Amino acid sequence: QVQLVESGGGLVQAGGSLRLSCTASGRFFSSIAMGWYRQAPGKERELVALINSGGSTNYADSVKGRFTISRDNARNTVYLQMNSLEPEDTAVYYCYGRFATSITRSTDYWGQGTQVTVSS
């Protein structure tokens, strides 16, 4: 079992910045990919950013140039630096991770979510 613990959400004014962190713990061989999804009220959960073990990244078009994802492999931690925040970024942000849980198997895990609210 793998646990993902998020921190860093909160309330910020438009144009401000926040940094989210997510640390993985538990039983796994390696972290294949980690990242962030978000879900706004009345909307489906959507990808924000992903980073794989090699450092390759993938961003939603809506956050490119404003958000930066990074990871510390030694600490099994992924970060999301969010700059130039907009009210449309308001959502619950969920940490996601895909982990090798055995030699032949990978498993997806989710954090409990952290609220990000951007006021206009």
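**Reading strands, core and salt bridges**

Colleague: I see glutamine 3 standing opposite serine 25 in strand 3. Which strand is joined to strand 3 there, and by how many bridges?

Modeller: Strand 1 is the partner: six bridges join it to strand 3 (residues 18-26), and the two run antiparallel. Strands here are DSSP runs of E with at least two residues, and helices are runs of H or I with at least four, both numbered from the N terminus; two strands pair if DSSP finds at least two bridges between them. Before we go on, this is a predicted model, where local features need pLDDT of at least 70 and side-chain atom pairs count only at pLDDT 80 or more, while totals for chains, interfaces and linings use all residues. Residues are numbered from 1 along each chain as its sequence is written, and side-chain values use heavy atoms, with hydrogens and water left out.

Colleague: In what order do the strands of this open sheet lie?

Modeller: The order is 1-3-8-7, four strands with antiparallel pairing. Strand 1 (2-7) and strand 7 (67-72) are at the edges; each has a single partner strand, so one side of each is left without a neighbour in the sheet. On average, neighbouring strands are turned by 15 degrees against each other, direction ignored. The axes behind that angle are lines fitted to C-alpha atoms (for helices, over the stretch in contact), with angles from 0 to 180 degrees between N-to-C directions.

Colleague: Now the inside. Which residues have the most contacts within the largest nonpolar core?

Modeller: In soluble globular proteins, nonpolar side chains tend to be buried together. Such a core is a set of buried Ala, Val, Leu, Ile, Met, Phe, Trp, Tyr and Cys residues joined through side-chain atoms within 4.5 Å; buried means under 20% relative accessible area, exposed over 50%, and partly exposed in between (1.4 Å probe, protein chains only). The largest core here has 30 residues, and Leu4, Trp36, Leu80, Met82 and Tyr93 have the most contacts inside it. Among the elements giving two or more residues to this core are strand 4 (30-39), strand 5 (46-52) and strand 11 (114-119).

Colleague: What does leucine 4 touch?

Modeller: Contact means heavy atoms within 4.5 Å. Setting aside residues up to four places away in sequence, leucine 4 touches several residues, including Cys22, Met34, Phe99 and Trp110.

Colleague: And arginine 66: is its side chain buried or exposed?

Modeller: Arginine 66 counts as buried, because its relative accessibility is 11%. You will find arginine 66 in the loop between strand 6 (57-59) and strand 7. A polar contact is a pair of N or O atoms within 3.5 Å; within protein, one must be able to donate a hydrogen and the other to accept it, and residues adjacent in sequence count only if both atoms are side-chain atoms. The side chain of arginine 66 reaches the backbone oxygen of serine 62 at 2.9 Å, and a polar atom of that side chain lies 3.0 Å from the backbone oxygen of serine 84.

Colleague: Which residue meets arginine 66 in a salt bridge?

Modeller: A salt bridge is a side-chain nitrogen of Lys or Arg within 4 Å of a carboxyl oxygen of Asp or Glu. Arginine 66 meets aspartate 89 in one, at 2.7 Å from N to O. That pair links distant parts of the chain, since aspartate 89 sits in the loop between strand 8 and strand 9, 23 residues apart from arginine 66. Both arginine 66 and aspartate 89 are buried.

Colleague: How many salt bridges does that rule give?

Modeller: Seven. Another one joins lysine 64 and aspartate 61, with the closest N and O atoms 3.1 Å apart; aspartate 61 is exposed, at 65%.
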